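Biologist: I have this one open and would like to walk through it. Can you take my questions as they come?
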Amino acid sequence: MKKLFRYFKGYGVQSVIAPILKLCEVALELAVPFIVSYMIDNGIDKADRSLVIRCFFILIAFAAVGFGFALAAQFFAAKAATGFAAQLRRALYSHIESLSYSDLDKLGVSSLITNMTSDAVRIQNGVNLTLRLLLRSPFVVAGAVVACFVISAKPAFRFALAVPVLLLFVYLLMLFGMKLYSRVQEKLSFTVRLAKENLDGVRVIRAFGSEETEKVKFREQNGALYKDQIRSGRLSALLNPVTLVIVNIAVAALMYSGAIKVNAGELTRGEVVAMYNLTAMVLTELIKLADLTINITKALSSAKRISAVFSVTPSIKYGETELDLSSDCAVKLENASLSYGGTPALSDIGLSLEKGKTLGLIGGTGSGKSSVIALIARFYDADGGTVSLFGHDIKEYPEKQLRKTVGAVPQKAVLFAGTLRENLTYGIDAPDDGAICKALDAACALDFVSEKGGLDIKVEQNGRNFSGGQRQRLCVARALLRDPKILILDDSSSALDYATDAKMREAVSGYSKDMTVIIAAQRVSSVRGADLIAVIDDGKIIAKGTHEELLGSCETYQKIYETQTGGGDGDE
Amino acid sequence: MNKKLFSKILSRIKKQIPVFAVIMVLSAAYAGLSLCVPLLFGDAVDLLVGKDGVDFAALTVILVKAAVFSVSAAAVQYIMTVLSNRAAYKTVSELREETFEKIHRLPMSYLDKHPAGDIISRFTNDAETFSDGLLLGFTQLFSGISLIIGTLVFMLVIKPSVTAVVVLLTPLSLFTARLIASRTFGLFSKQTADTAAETSFVTETVGEQKTVRALGAERDFDAGFDKYNAALQKSSFKATFFSSLTNPSTRLINAIVYGAVALTGALSVIAGGGMTVGALASFLAYANKYTKPFNEISGVIAELQSAFACAERIFAFLEEKDEDDGGKNDGLVSSNDVTINNMSFSYSPDKPLIENMDFSAPEGKHTAIVGPTGCGKTTFINLLMRYYDVTGGSISVGGVDVRDMSRRGLRKRYGMVLQDTWLRYGTVADNIALSKPGASRAEIEEAARSAHAHGFITRLPKGYDTVIGEDGGGLSAGQKQLLCIARVMLCKPAMLILDEATSSVDTMTEKKIQQAFDTLTEGKTAFIVAHRLSTVLNADEILVMRAGSIVERGTHTGLISKKGFYYELYQSQFKKGKQI
């Protein structure tokens, strides 16, 4: 967690100045009881009116100067905290961008989003409060206790005893409170989840008539939440009253002990009043400190989570130097295997594809088509065996060259909020409109794009103002625009009707002469024109060949073909 | 705030009114007890006259009294806090329950139109803010007022002239608090908006990080991120800084009041106006306490305002018109014949969708509905299940108009599998058993087997007891569909609706499931919606829909030989697919 301190860089001065200014403010505040005490002993007892008035002006002047210090302290604390949080978010964002697919899988994107947002906010609050208050309150408490000792050691000692007792009490309250508090949070998230599920699945729940069961379930969860809330409420309600009792009893003890000293002529009345006032300050600060500790604890747990993300080093390393791509063997997999977090996905994959040829990958749901593609695009590293492109091990490619060489269109067609032009040209130098239109045309997207208003139309978040089929075609155009040596289409036409699918494939294969194309699909019609088709089943290649060869030799392929042509009794 | 909202809030917290009364009494008691303590300490100070002049017996009595008062004040405060917590939690808990139950009483049209996130936020944030602001707010408000009044009374008793100084300075405190609150409100809104903008950017780009990486588009998104991040840093700084002015300003005002009390008090002691040094000490302690409730109260007023805003949102939701229960008939009909008679339907009156549809499906008939996107297939299912009611004509099952049947009774007769799979957080077995609570493990396994899901389920880490995350995380789209199919296989309904039920399942598995469906639906009324025409070949009747009306109907062979719209659809799926 210490590593997070580096994001204070550039705000070092502010984060040091803020507490120092606070310290000055506290010092002035602590002087107040002494001034009052002086006023009582020398002003009142000697009936010196002008001294009383002078003391009043000193009090006001101290308050005004203290206010100035506080203002500056808050300013620098806010600067440092928000600056720190911004740098932290920036660094975290960059770090996320350096993680590999398997790292992302392990960490989970939704948890990364939480890290970027609510965790960062909590840390910012924590830093801000720490700079402002965490340093203030202990100063006040310590300063007040020291001041009491300066006045008179024995009564001060009585009072000082109360401080550890109070701290222990606050600590215990926090300890149990935090536990209860996180239980409440957990239960609350259960009820929210249940409500969200019921909203998302309302059709299904109503279809099965299980509304009552859901209500009962909710009542149980909600009841449990209520109970825990009451429990945590009961505990936190102790804070103020107990602090009040401890401090007041300490004050009584101080008074009594002070009285003995006064009786012995060792202490003046004004000094006792000063000590009494100092204790009041301590009480206020301790209560603030307790509130603060809750926020700090939250910030610390957020900081721990973020540090855990930073401590993940990207599991993929890329090459340094650009490689020569003149070899004719575009893709070669030898004995390659892959597993996701221990679950095997591919084994013993061997494939070889020449430049400019088309490879079809076919297989059922979950057979491993996308995993083969993940290896060729180096989204994941093979556990065993080798993957090479144009005669070089894929691990030797620099990231930039690899992404330029392999243009993959993933199964899920993703567009981002922005303009259409931005979406098409992410990661490349802006090409001219002619080139963009050519790519859109090849992806059968030009028609609807010009219908919608051209390249500068807005794309909403997740591209929701485009239909699934339109998104898929735009993603294909986006890949074509990078002019990749190897184009990969992973089920990228599943939302297209057969005719558009066919038209697009034809246009894509004529787009660039030497482009090697890999198509993964469930439909035979999508791959039947390929130079080589690999049939994948349960993570293995069970047959390779052309459409005709496979129809003759591979039983699985035949079956797939039959089911898709209406059991063979269709139109043939 | 309008009167109506106020009376609604009042009726909602009616049960808590006795608790409120108790809290009010307690807070007055607390103010009295706790304010006595500085007074007693003041008396104690007066006893400290000087060397050899301290009356220890009297001092002990005073100090013991102070301790007793402190303990009693603390006890009263504890009881008060626990009571008001309980009232607040109870109210919010009831509100949550009511909101949740409301979900299932609302018509589908409301739920289709309102995003889930919006309803959830009423359910959580609004309910919480309402109860916190209202109940805790009231408690704070009341104890704050009691403290102010109490302090004033005690001060008046000690010395009216010095009290006048304090009262005269009061507006200063109120004014400062108001000034800061009004400034920071706008700044906080700006911060919230900037946070939302950055969150939405992060949600999108981190959520789709894999695509970002595949495109090598990190640099492009970095620029976007920096823009949002800088904006947030700026607005967040302003909001943080200005809001953090509250405490120092309060302390400044406090110090001024304190100084004024010290000055006037000291002068008054010197003048010998009957004020003692002890009284001055008590006065100073009161001056410290006096300004604090003012700040609390101005905070409470802001809280109350947002509580009322939230209350309005919650009530608006709770007062939405409920769906009626439907008819009395609980689904007891003599047959499963479905008859649609001159039916019309539209989601909004100005856009007619289905008009004058006639159709009948005697028990045992399998009807397929095909057509391009937006032709009304899904609407048809909405009407069969009575998610929506027809706007003209009728639908009847077994001769009974569905509007005379309870919705629940009607729906119990159908088993439905939708294209959009819905799985919940829970085990695989629980998810399947949703259609039949209390089903035995053997039944569940059998259902999974007939849905061809048993194989992949047993390969999951804990088989049927594997917990699947929200939204079926970890399972492929096809596997999710298989689990939804298993639900129907388990409850064995009298009639079946399949809406693209196998769209994400590979064609070979689909073929096998088809057989299972055939067994399940044998002799039963079934409706099948599909865009893969291969799955509807064996239907008794195919309805070809286009823009809300049935344009063709008949069997597959009949429709093919007719060479109409169906023929075209069919050709585009098979013939052209092979022309490469």
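Biologist: Into which domains is chain A divided?
Modeller: A word first: this is a predicted model. Chain A is divided into domain 1 (1-152 + 299-314), domain 2 (153-266) and domain 3 (329-564).

Biologist: How far apart are the centres of domain 2 and domain 3 of chain A?
Modeller: Taken over C-alpha atoms, the centres of domain 2 and domain 3 of chain A lie 56 Å apart.

Biologist: And how is chain B divided?
Modeller: Chain B has domain 1 (1-153 + 309-323), domain 2 (160-274) and domain 3 (338-578). The C-alpha centres of domain 2 and domain 3 of chain B are separated by 56 Å.

Biologist: Let's move to the contact between the chains. How many residues does each chain put into the contact?
Modeller: Chain A gives 121 residues and chain B gives 118 residues.

Biologist: Which element gives the most on the side of chain A?
Modeller: Helix α2 (residues 49-98) of chain A does, with 23 residues touching chain B. By class, the side of chain A that touches chain B has 64 nonpolar, 34 polar and 23 charged residues.

Biologist: At what angle do α2(A) and α9(B) cross?
Modeller: The axes of α2(A) and helix α9 (residues 246-271) of chain B cross at roughly 175 degrees and come within 9 Å. The crossing angle is over 145 degrees, so α2(A) counts as roughly antiparallel to α9(B).

Biologist: Which residues meet there, in α2(A) and in α9(B)?
Modeller: From α2(A), the residues include R49(A), V52(A), F56(A), F67(A) and Q74(A). Among those of α9(B) are P248(B), L252(B), G259(B), L263(B) and I270(B). The contact of α2(A) with α9(B) has 18 nonpolar, two polar and one charged residues.

Biologist: Back inside chain A. How do α6(A) and α9(A) cross?
Modeller: Helix α6 (residues 153-200) of chain A and helix α9 (residues 239-263) of chain A have axes that come within 8 Å and cross at roughly 170 degrees. That makes α6(A) roughly antiparallel to α9(A). The residues in contact include K154(A), F159(A), F169(A) and L173(A) of α6(A), and L239(A), I246(A), L254(A) and K261(A) of α9(A). By class, the contact of α6(A) with α9(A) has 14 nonpolar, three polar and three charged residues.

Biologist: Now one residue in chain B. Where is I180(B) placed?
Modeller: I180(B) sits in helix α6 (residues 160-207) of chain B.

Biologist: Why does I180(B) count as partly exposed?
Modeller: I180(B) has 19 other C-beta atoms within 10 Å, and buried would need 20 or more.

Biologist: What is I180(B) in contact with, leaving aside its neighbours within four places in sequence?
Modeller: The contacts of I180(B) are then F242(B), L245(B), T246(B) and S249(B). As for Q479(B), it is 299 residues away along the chain, and its C-alpha atom is separated from that of I180(B) by 57 Å.

Biologist: On to strands. In what order do the strands of the open sheet in chain B run?
Modeller: The four strands have the order β2-β1-β4-β5, with antiparallel pairing. The edge strands are β2 and β5 (400-401) of chain B, each pairing on one side only.

Biologist: How many bridges join β1(B) to β2(B)?
Modeller: Five bridges join strand β1 (residues 338-345) of chain B to strand β2 (residues 354-361) of chain B. Within that pair, T339(B) has S360(B) as its bridge partner. β1(B) also pairs over five bridges with strand β4 (residues 392-397) of chain B, where S344(B) is partnered by G392(B).

Biologist: What about β3(B): is that strand buried or exposed?
Modeller: Buried: five of the five residues of strand β3 (residues 366-370) of chain B are buried, so β3(B) is largely enclosed by the rest of the structure. Both faces are covered, with H366(B), A368(B) and V370(B) on one side and T367(B) and I369(B) on the other.

Technical notes: Residues are numbered from 1 along each chain as its sequence is written. Chains are lettered from A and ligands numbered from 1 in the order in which they are written. This is a predicted model: local features need pLDDT of at least 70, side-chain atom pairs count only at pLDDT 80 or more; totals for chains, interfaces and linings use all residues. Two strands pair if DSSP finds at least two bridges between them. Helices (H or I, at least four residues) and strands (E, at least two) are DSSP runs, numbered from the N terminus. Axes are lines fitted to C-alpha atoms, for helices over the stretch in contact, and angles run from 0 to 180 degrees between N-to-C directions. Angles under 35 degrees count as roughly parallel, over 145 as roughly antiparallel, 65 to 115 as roughly perpendicular and the rest as oblique. Two residues are in contact if their C-beta atoms, placed from the backbone, lie within 7 Å. Ala, Val, Leu, Ile, Met, Phe, Trp, Tyr, Cys and Pro count as nonpolar, Asp, Glu, Lys and Arg as charged, and the others, Gly among them, as polar. Domain bounds come from an automatic or database domain assignment. A residue is buried if 20 or more other C-beta atoms lie within 10 Å of its own, exposed if 12 or fewer, and partly exposed in between; C-beta atoms are placed from the backbone.
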